[in-house]
Amino acid sequence: MGKTMKESRTIQTSHVLPPDTNHHGTLFGGQLMAYIDNVASIAATKHSRSLVVTASTDSVDFLKPIRVGDAVTLEAFVSYTGKSSMEVFVRVTTENLLSGDQSVAAISFLTFVAIDNEGKPIPVPDVVPETEEEKWLNETAENRAGHRKARKLHSQELAAFFTPKPHE
């Protein structure tokens with residue numbers, strides 16, 4: 001039995017304050033990445049109702065600066081599921097609170113794995129898309145999953161190459 005995407009939907013809004021910004025007066029990229037991982041992990045947990053771990057972050061595409069004084073809103077939901085893995089889509093919007101102007105500031109896809117108390121992967125429910133946006137995200141997910149697998153293989157090759165060799 002599946003769960004709808006809206007059942008995992010998680011929304012987080014924060015006021016961008018000076019301690020969270022760089023010398024340009026924009027939100028630190030690392031701070032936004034922490035927000036993204038946090039909201040995505042909540043969505044994955046809501047879908048699986050189990051412990052989850054981050055398996056990968058495809059990318060964080062910074063599309064527009066998020067300025068001090070703005071509100072930043074992150075919306076996350078499970079967009080695709082495998083046997084024990086979940087792809088989570090995160091849309092980040094920024095809003096100038098004085099003018100009301102809003103725009104998409106970043107997009108990200110993350111993969112989480114549901115685990116038991118011993119850290120072993122466990123099955124997750126299928127995800128059921130309902131809206132046109134959800135259907136599109138779900139239908140295009142296998143292509144993203146293929147890119148993830150290829151990227152992971154490349155990362156493993158790099159790790160093997162850069163692993164220190166014992167002295168002979």
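Predicted model: local features only at pLDDT ≥ 70, side-chain atom pairs only at ≥ 80, totals over all residues.

The UniProt record, an unreviewed entry, annotates residues 6-118 as "domain: HotDog ACOT-type". Over that range the chain is 48% strand and 18% helix. The end C-alpha atoms of the range sit 29 Å apart.

Now the charges. How many salt bridges are there? The count is 9.

Take Lys6 and Glu130. Their closest N and O atoms are 3.7 Å apart. Lys6 is in the loop between strands E1 and E2, and Glu130 is in the loop between strand E7 and helix H2, so the pair ties together parts 124 residues apart in sequence. Lys6 is exposed, at 51% relative accessibility. Glu130 is partly exposed, at 38%.

Next, Glu134 and Arg9. This salt bridge is 3.0 Å, N to O. Glu134 lies in helix H2 and Arg9 in the E1-E2 loop, so here the parts joined are 125 residues apart in sequence. Is Glu134 buried or exposed? Buried, with a relative accessible area of 2%. Arg9 is partly exposed, at 23%.

Third, Arg151 and Asp58, at 3.7 Å, N to O. Arg151 is in helix H3 and Asp58 in strand E3, so this pair links parts 93 residues apart in sequence. Arg151 is partly exposed, at 33%. Asp58 is buried, at 18%. Shared partners also join Arg9, Glu75, Arg91, Glu133 and Glu134 into one salt-bridge network.

Last, the surface. Leu158, Phe161 and Phe162 form a nonpolar patch, with about 370 Å² of accessible area together. Phe162 belongs to helix H3, residues 141-162. Phe162 is exposed, at 61% relative accessible area.

Methods. Residues numbered from 1 in each chain as written. Heavy atoms only, no water. UniProt positions renumbered as here; feature names shortened; annotations may be inferred. Helix = DSSP H or I, 4+ residues; strand = E, 2+ residues; numbered from the N terminus. Patch = residues over 30% accessible without salt bridge, like charges linked within 9 Å, V, L, I, M, F, W, Y side chains within 5 Å. Areas by Shrake-Rupley, 256 points an atom, 1.4 Å probe, with all protein chains shown as cover. Salt bridge = Lys/Arg side-chain N within 4 Å of Asp/Glu carboxyl O. Buried < 20%, exposed > 50% of the residue type's maximum accessible area, 1.4 Å probe, protein only.
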